[in-house]
Amino acid sequence: MARGCLLAALVAARAAATNEYSHACGRQGFVDLRFDIYDGTLRDEDLFSDSDAYCILTVSNVTKYSALAINNNGPVYDEFFLFGCQELGANVSMTCYDYDTYDADDLIFDAVHVGDWPASKEVITWYDVDDPTYYVNVDFTYETPPPSPAPTATFAPTAAALRTVRSKKTEDADPASAGIVLAVGAVVGALVVGGVV
C-alpha cells in the first residue's frame, strides 16, 4: 500500500506542476482549453489485482498526466487540466495505462479520435478504439474570444491646422500671453510631427 500512496503522490504532483493557464488567448480561432476527466471503466491488465490506471492527455504538442488510480478498473479522477491557448478543434488524444513496477506499463485504454470538439461544458463519453465496453467520461471547456473591436480613428492635427489655431489665439490674446500660446503651439506641433502625441 505504501508503494501505491507514493506513486499516486508523485503522479499527482507532476500533474499539478503542468497545469498552467493562459488568461488572455484572444486570437481568432484559438481558445483557452480546459479538459476535465471524470470517471470511466478501463480494462484489467493485472493478474492478481485491478489495474493501477493513469491517463495521458495530449492537445497539439502539450501533454498532461492524470493521477494514479490504485487497484481500480473503474477509476474516479475528477481532475481538470489547463492546456492554455489552443487552436479550436486541435487534435486531442487520451491513452490510459496500467502502471507496472517491474515491466513496461500496459495500454488499457486508447480513446477514439474526436473529429470535432463537442460543445463547451458538454460531458461526453469517450470510448476505447478496440472495445466500446471501456470508456472515460470527459468534457472540454472553452470560450471563443469575442470579435476584435473595430479600429478607432485618432485625430492628429496637421501643421497647417496648428498654425491657424495659433494665429487665431494670438489675435485675440494680449501681447504678454501671445508668446506663451505660440511657444505651447510650437511644442505641441513638434510632438505631433515627431509622432509623440
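**Salt bridges, core and surface**

Modeller: A search of the whole structure turns up two salt bridges, a salt bridge being a side-chain nitrogen of Lys or Arg within 4 Å of a carboxyl oxygen of Asp or Glu. This is a predicted model, where local features need pLDDT of at least 70, side-chain atom pairs count only at pLDDT 80 or more, and totals for chains, interfaces and linings use all residues. Residues are numbered from 1 along each chain as its sequence is written, and side-chain values use heavy atoms, with hydrogens and water left out.

Biologist: Which residue forms a salt bridge with R43?

Modeller: The closest N and O atoms of the pair are 3.0 Å apart. The pair links distant parts of the chain, 85 residues apart: the loop between β1 and β2 holds R43, and the loop between β7 and β8 holds its partner. Strands (E, at least two residues) are DSSP runs numbered from the N terminus, as are helices (H or I, at least four). The partner of R43 is D128.

Biologist: Is D36 buried or exposed?

Modeller: The side chain of D36 meets that of R34 in a salt bridge, 2.9 Å from N to O. Buried means under 20% relative accessible area, exposed over 50%, and partly exposed in between (1.4 Å probe, protein chains only). R34, at 30%, is partly exposed. D36 has 6%, so D36 is buried.

Biologist: Which residues have the most contacts inside the largest nonpolar core?

Modeller: A nonpolar core is a set of buried Ala, Val, Leu, Ile, Met, Phe, Trp, Tyr and Cys residues joined through side-chain atoms within 4.5 Å. The largest one has 29 residues. The elements giving two or more residues to this core include β1 (30-41), β5 (92-98) and β8 (135-141). The residues with the most contacts inside the core are F35 and M94.

Biologist: Which residues does A119 touch, beyond four places in sequence?

Modeller: A119 sits in the loop between β6 and β7. Its C-alpha is 8.2 Å from that of T141, 22 residues away in sequence. Contact means heavy atoms within 4.5 Å. Not counting residues up to four places away, A119 touches F140 and Y142.

Biologist: Why does Y127 count as partly exposed?

Modeller: Y127 lies in strand β7 (residues 124-127). Together with V112 and V129, Y127 forms a nonpolar patch on the surface. Y127 counts as partly exposed because its relative accessibility is 39%.

Technical notes: Patch = residues over 30% accessible without salt bridge, like charges linked within 9 Å, V, L, I, M, F, W, Y side chains within 5 Å. Areas by Shrake-Rupley, 256 points an atom, 1.4 Å probe, with all protein chains shown as cover.
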